[in-house]
Amino acid sequence: MFEGLKLHSWFATKDGSANLLEQAITSGDLPNASNGVTVSVEELSFYQIHGKRWQPPAKSLWSQLNGQHTSSRKGRGMTFSEVRQYQAGDDVRQIDWRVTARTGKVHTKLFTEERERPVVLFIDLTPSMFTGTQLLFKSVQLCHLAALLSWIAIGSKDRVGAIIRCGNTLTEIRPSSSKTAVLQLLNRLCEIHNQGLTMGGATLTDEPRDPFHALANLCRKGSELICLSDFSTLSEQDISSITQIGAHNRVRAIQIYDPIELGDTQAKGIQALQGRDQVFSVNLSSSKAKDSIKHAFTHQQQQLSEQLSQYGITLSQVSSGSPLLQQLLQHSF
């Protein structure tokens with residue numbers, strides 16, 4: 001009932017949001033072009049310089065998202081290349097004992113550094129994303145995160161592409177490693193987001209397309225798929241499709257949520273709230289009502305996390321109620 005929860009009238013808290021937005025811009029945690037509702041390429045380009053914080057050999061962005069106290073990132077993986085006869089200076093740990101036993105001469109394995117992993121973003125602009133009660137719309141925070149991940153990817157010499165879902169429309173952007181291509185991706189994302197905003201993320205075509213079929217075609221073996229969504233409309237079939245993609249690719253999931261979904265709001269009195277399927281009235285002056293909202297959301301969040309973790313997919317969370325950089329940098333490892 002509470003999935004994708006939002007205030008039916010966002011303006012109930014707009015003054016407080018404006019003050020928070022101004023403070024975040026002044027402190028340098030948000031780009032100057034931010035207004036919390038629409039997005040622009042200028043705004044998303046802000047994350048280009050900040051993406052360098054999470055490029056090798058710096059700590060992984062994922063360790064900070066997941067609260068893990070890990071050591072510095074080791075760099076790219078190594079893939080097997082060939083076996084040759086041992087030479088002075090070779091690492092004895094890489095001796096191939098089977099070939100050595102068969103030939104009677106010591107042989108060692110050679111590895112090459114893994115290069116250019118395709119990174120594919122699933123950017124899910126469902127209707128429930130076009131809302132925000134404190135700082136940014138969830139959809140705007142999603143765009144900020146997509147921009148940061150894109151800049152990190154090309155800075156790490158990976159290729160980045162995307163499937164963007166808005167309403168029933170899918171937009172496919174094939175992976176590329178050039179700065180020009182990233183700017184084109186972000187420009188297209190801004191166009192789709194701002195168009196969806198005027199329609200509330202409503203259906204734009206008659207027949208919905210399956211985003212996971214498109215993702216399976218775009219993610220060649222060895223890709224990294226990053227799903228950015230509030231997952232309010234995720235079905236059992238969708239989870240099955242994600243895990244099938246994960247059989248040959250690395251899959252990550254980041255859930256964008258608004259503070260009101262945890263019962264955190266300055267709104268008071270009877271408010272109309274939009275759930276996934278209906279609009280209903282809730283007394284936000286009641287602690288019991290806000291606790292019920294929080295319980296419903298955390299239960300849904302826990303279920304989703306457990307479902308994904310069965311297949312080795314970690315669920316991370318990002319709030320739209322505070323700047324992205326603050327959330328990522330609040331832990332000093």
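## Two strands side by side

Let's start with strand S8 (residues 250-257), which is joined to S11 by 5 bridges. The two strands run parallel. For one spot to look up, find Ile254: across from it in S11 stands Ser316. Keep in mind that what you're looking at is a predicted model.

## The whole sheet

Now zoom out. S8 and S11 belong to an open sheet of 6 strands, and its order reads S6-S5-S4-S7-S8-S11. The pairing is mixed.

Which strands sit at the edges? They are strand S6 (169-176) and strand S11 (315-319), each of which pairs on one side only. Ignoring direction, neighbouring strands in this sheet are turned against each other by 15° on average.

## A helix across the strands

Next, look for helix H7 (residues 179-199). H7 lies across strand S4 (118-125), strand S5 (159-166) and S6. Its direction is about 10° to that of S5.

## Two helices meet

H7 also has a helix partner: its axis and that of helix H6 (residues 138-155) come within 10 Å. How do H6 and H7 run relative to each other? Their axes cross at roughly 170°, and angles over 145 degrees count as roughly antiparallel, so that is what H6 and H7 are.

Who does the touching? On the H6 side, the contact includes Val140, Cys143, Ala147, Trp151 and Ile154. On the H7 side, you'll find residues including Lys179, Val182, Leu186, Leu189 and His193. Sorted by type, the residues of this H6 and H7 contact come out as 11 nonpolar, 3 polar and 1 charged.

Key: Residues are numbered from 1 along each chain as its sequence is written. This is a predicted model: local features need pLDDT of at least 70, side-chain atom pairs count only at pLDDT 80 or more; totals for chains, interfaces and linings use all residues. Side-chain values use heavy atoms; hydrogens and water are left out. Axes are lines fitted to C-alpha atoms, for helices over the stretch in contact, and angles run from 0 to 180 degrees between N-to-C directions. Helices (H or I, at least four residues) and strands (E, at least two) are DSSP runs, numbered from the N terminus. Angles under 35 degrees count as roughly parallel, over 145 as roughly antiparallel, 65 to 115 as roughly perpendicular and the rest as oblique. Contact means heavy atoms within 4.5 Å. Ala, Val, Leu, Ile, Met, Phe, Trp, Tyr, Cys and Pro count as nonpolar, Asp, Glu, Lys and Arg as charged, and the others, Gly among them, as polar. Two strands pair if DSSP finds at least two bridges between them.
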